[in-house]
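Q: Can we go through this one together? I'd like to look at a strand, then at the interface.

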Amino acid sequence: MIEVDVLVVGGGPAGMNAALAVADAGATVLLVDRFYKLGGQLVKQTHKFFGWADRGAGTRGFHLAEDLAQKVKSHPNIRLLMGHELIGAYADGTYIAATWDAHVKIKAKKAIMCTGAAERMITFENNDLPGVMGAGAVQTLMNEYGVMPGQRYLIVGSGNVGVILAYQLLQAGAQVDAIVDVLPKLGGAYWVHAAKVQRLGVPLLLRRTITGVYGDGRVEKAVTVAVDERFEPVPGTEMEHHVDVVALAVGLMPLADVFQAAGVKTVYVPELGGFVPWHDELGHTTCPDIYVAEDAGGIEEATTASLGGTLAGLTAAKELGYPVDEKAVEQYLKSLESFRDSSLSQKVKEGLNKLRSGEHA
Amino acid sequence: MVMDPKKVIICRCEDVTLEEVREAIKNGYTSWDEIKRLLRVGMGPCGGKTCKMLVLRELAAFHKKPIEKLPIRPTAVRPPLRSTPFRAFLKEEEL
């Protein structure tokens, strides 16, 4: 059994920043991650970040991860438990993390859940044929393990993930047949990224969706069809794409099961990606000892994840009685608010308002 | 619809098709819990990360209600949260 002040679950930008905030305040931290390398989704982000210089803009994602990981690993108050997944959370502050061979019992006064998100699936014919995979999975194989899962790709979804994946595939020497999106306009991607991949010859096919993949034992062909205003397929507009991988970048879903298991109230908010724990801007949930930071609390991106992680960390430390710089808390809250001023954050803001105006507000 | 629901997989872990889910709903199994017990959606290794939203969308269409208004028991998630072999329960690691 390990006893700590604060358990942090997830070693991405939110989790690492949360752990550092808690540890800097003087409390002891156990950081658990199911992988052996810290960084979460940052590890596969080979592009430079937008946003603010003090939160990593202009730096490549995996470099940000390395810098944070260095600080986490060398902090005397932080213990790491890598290669372990959280499999149980109980109301008395007991948590169980496990590998495939053994388990670890953890007793923590507070827990900050930075479990992130899972990729969404959509329905089309033969959607379990090998060659159909999440865009994030393609990035993991390609950018982290150096394995190319195919030669020619169809990307479904024109959000940030889909568009950046297209660019990374081209950089790696693969062919991108097209990016399709069911909506009439570009998804959440930054326009400069979308313009760049189109200049490189990747068509962006809007108001179009995938209806099936076909092939002998693996994807050899994908079929897409145009949709009308009600998202109904328009007969006669079928198009064949000769690809061996279909990468689905159709959105992410917060990993809320850990909150549900621990008895935290979760609410379905489509703008935040699905079921999310009720939470305020400091990371409080409906359970006084469990906190959350993005994306587990709502799908955003790395900058808000690191700010949210820091805020949740400072809040947990303060509530354990450790001295915390209140001015810094105010500053982080202000930063979060002004970062969300961009039009790309409109949906998230609506989602958070909906969540917080509910019965638990 | 141009898609054959027999060929559309809803739950990859347990190999459940869209046709089976629609058939279950037609037969009166109209909540996530009932469909889960009947077809084993969400009971495979991924714990519903692929299928749950897809099934909820089908239920929303059937009930003509948004997903947030569907009857879903909030306490239905229990440990272990991830597939864990029995041997992992038998051995406690001391760190």
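A: To start with the strand: E9 of chain A, residues 152–156, is largely enclosed by the rest of the structure, because 4 of its 5 residues are buried. Keep in mind that this is a predicted model.

Q: Which strand does E9(A) pair with, and in which sense?

A: E9(A) pairs with strand E10 of chain A, residues 175–181, in the parallel sense, over 5 bridges.

Q: What stands opposite A:Arg152?

A: That is A:Gln175, in E10(A).

Q: Switching to the interface. How many residues of chain A and chain B are in contact?

A: On chain A there are 41, in contact with 36 residues of chain B.

Q: And how much area do the two chains bury between them?

A: About 3,700 Å² between chain A and chain B, with 60% of it on carbon and sulfur atoms.

Q: How many salt bridges between chain A and chain B?

A: The count is 5. One salt bridge joins the side chains of B:Lys49 and A:Asp257, at 3.9 Å from N to O.

Q: Which elements give two or more residues to the side of chain A that touches chain B?

A: Strands E3 (78–82), E4 (85–89), E6 (103–113) and E7 (117–119), plus helix H6 (257–262), of chain A.

Q: What is that side of chain A made of, by class?

A: The side of chain A that touches chain B has 22 nonpolar, 9 polar and 10 charged residues.

Note on methods: Residues numbered from 1 in each chain as written. Chains lettered and ligands numbered in written order. Predicted model: local features only at pLDDT ≥ 70, side-chain atom pairs only at ≥ 80, totals over all residues. Heavy atoms only, no water. Contact = heavy atoms within 4.5 Å. Buried area = accessible area lost by both parts, 1.4 Å probe. Salt bridge = Lys/Arg side-chain N within 4 Å of Asp/Glu carboxyl O. Nonpolar A, V, L, I, M, F, W, Y, C, P; charged D, E, K, R; others polar. Buried < 20%, exposed > 50% of the residue type's maximum accessible area, 1.4 Å probe, protein only. Pairing = 2+ DSSP bridges.
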